[in-house]
Structure formats: C-alpha cells, structure tokens
Amino acid sequence: MRPHVRVIAALAGTAFAAVAASACSGSSSPSAASDGGTASPPASVALQEAAKTAPPTVTTKQVSLGKILVNDKNLTLYFFEADKTSKSTCTGACAAAWPPLVVKNKPTGAGGVQSKLLSTSERSKGTNQVTYNGHPLYRFAGDRNPGDVNGQGLNNFGAKWYVVGTNGKTITTAATTSPGSGSGY
C-alpha cells in the first residue's frame, strides 16, 4: 500500500473510532469538553485533514526536455494537438492508449504548477478531465516509469502528442533516449 493511502486510511480509521467511542460513551452532552475533557474532532474534519495531505493532482519533474507536468505518480502528462478547446477529442481506443487525467474533485498543483491554469472539462461519461491552460491532460500507456517521455512527438490518432511545460505550452523538442534504456531521458 502506498504511504499516502496508509495515512488516509489511518486517519479515517481514527476518526471513525473517535465517533464510535463518543456515540457509545453514554454521555448525553454533545462533547466531552463540557465536563473538562477534550473533544475529538468530528470525522469530517479528520477526513478534510487527510485530503490536505493527499498528493497534488499535477506536479512537475525536471527531465532533458525541461521542467514538465507529471501526475501524482510522477508519470508524464501530455497535450494532444487535435484538442483545439478544453473538450477532449480522445475517446475509445485513443483513451486506452492515452488515458485522460481525471479527478473527482478540484485538481491541485505543486512544484511550479500554476494553479490558475488548472481546471477541468467534462468528458462524455460525466467524468472530469484535468486541463492545463485550457488543454486536456493525458498520460501515455507506453510510459511505465516516472520520467519516461516515450510519447513525446508521437503522431497517434490523427495528431501529435507533446509534453507540457509549467507555462502551459507544449514542448516540441524531440526526446533523447539511449537504445534499450526505457527511461525516456
């Protein structure tokens, strides 16, 4: 289990135990603070605190191409040149090869990501795809490890794919890889 998932699970379990303990205490007062004890925070507060410790949706990584956008697992994010607006044109087989970066809540950024450029656009099935500077963000299924840029400059599904800089523009420089390295930089 990933460390951040363990933290969230532990906080949620602690919050649940605190709520259950106060519900079973037999006290008719709304909190133990009235009799001189300390009150446990409500479960919603504990879950909000856990959400604050969750990794950002989009962050950055320095690679040979420059400082690029990556997801919370340090996997490279790309723009698809066929997307002329914030609405994705990549569906079906395209979305299988180039999975869209989707979120349930508002996307967050770190490491030089400009929060004002982060937003979402609704996909066809009601999911929210993260956008940056008005362009949908995608991963490449061929990038297996953090820092891989195997999708850089590929012409798939009718247009080219490029990594994204923190300024919200594509970086069109060709990726430099060593044969057999698989690292992408």
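1. The side chains of Asp72 and Lys73 meet in a salt bridge with an N to O distance of 3.7 Å, where a salt bridge is taken as a side-chain nitrogen of Lys or Arg within 4 Å of a carboxyl oxygen of Asp or Glu. By this rule the count comes to one salt bridge. Asp72 is partly exposed at a relative accessible area of 35%, and Lys73 is partly exposed at 40%; buried stands for under 20% relative accessible area, exposed for over 50%, and partly exposed for what lies in between, with a 1.4 Å probe and protein chains only.

2. On the basis of these notes: this is a predicted model, in which local features need pLDDT of at least 70 and side-chain atom pairs count only at pLDDT 80 or more, whereas totals for chains, interfaces and linings use all residues. Residues are numbered from 1 along each chain as its sequence is written, and side-chain values use heavy atoms, with hydrogens and water left out.

3. The protein chain has three helices and 10 strands, in the order α-α-β-β-β-α-β-β-β-β-β-β-β along the sequence; helices (H or I, at least four residues) and strands (E, at least two) are DSSP runs, numbered from the N terminus. Of the 185 residues in the protein chain, 31% are buried. The protein chain exposes about 10300 Å², of which carbon and sulfur atoms supply 55%, with areas from the Shrake-Rupley method and a 1.4 Å probe, only the protein chains shown counting as cover for residues. Among contacts with a separation of 6 or more, 66% are between residues 24 or more positions apart, a contact being heavy atoms within 4.5 Å.

4. Asn74, in the loop between E2 and E3, has a positive phi near 65° although the residue is other than glycine, and Asn74 is partly exposed at 29% relative accessibility. Asn133 sits in the loop between E6 and strand E7 (135–136), has a positive phi near 55°, and is partly exposed with a relative accessible area of 33%. For context, most residues other than glycine have a negative phi.

5. How many disulfides are there? The count comes to one disulfide, a disulfide being a pair of cysteine sulfur atoms within 2.5 Å. Cys90 and Cys94 form it, with their sulfur atoms 2.0 Å apart, and both cysteines are buried. The torsion about their S-S bond is about -110°, so the disulfide is left-handed.

6. Arg123 lies in the loop between strand E5 (118–122) and strand E6 (128–132) and is buried yet has no salt bridge, the nearest side chain of opposite charge being that of Asp83, 7.0 Å away; for charge, Lys and Arg count as positive and Asp and Glu as negative, while His and the chain ends are not counted. Leaving aside neighbours within four places in sequence, the contacts of Arg123 include Cys90, Val102, Gln129 and Tyr138. Val102, in strand E4 (residues 102–103), is partly exposed at 41% relative accessibility, and beyond four places in sequence Val102 is in contact with Arg123, Thr127, Asn128 and Gln129.

7. The largest nonpolar core has 17 residues, and Ile68, Tyr78, Phe80, Cys90, Trp98, Trp161 and Val163 have the most contacts inside it; such a core is a set of buried Ala, Val, Leu, Ile, Met, Phe, Trp, Tyr and Cys residues joined through side-chain atoms within 4.5 Å. Two or more residues come from each of strand E2 (66–71), strand E3 (78–80), helix H3 (93–97) and strand E9 (159–164), and E9 gives the largest share, three residues. Apart from this core lies another, of 13 residues, among them Val58, Leu101, Val113 and Val164.

8. Strand E2 also holds Lys67, which is partly exposed with a relative accessible area of 39%. Lys67 and Asn167 are 100 residues apart in sequence and 9.7 Å apart in space, C-alpha to C-alpha. Neighbours within four places in sequence aside, the contacts of Lys67 include Thr60, Gly111, Val164 and Ile171, while those of Ile68 include Thr59, Val149, Val163 and Ile171.
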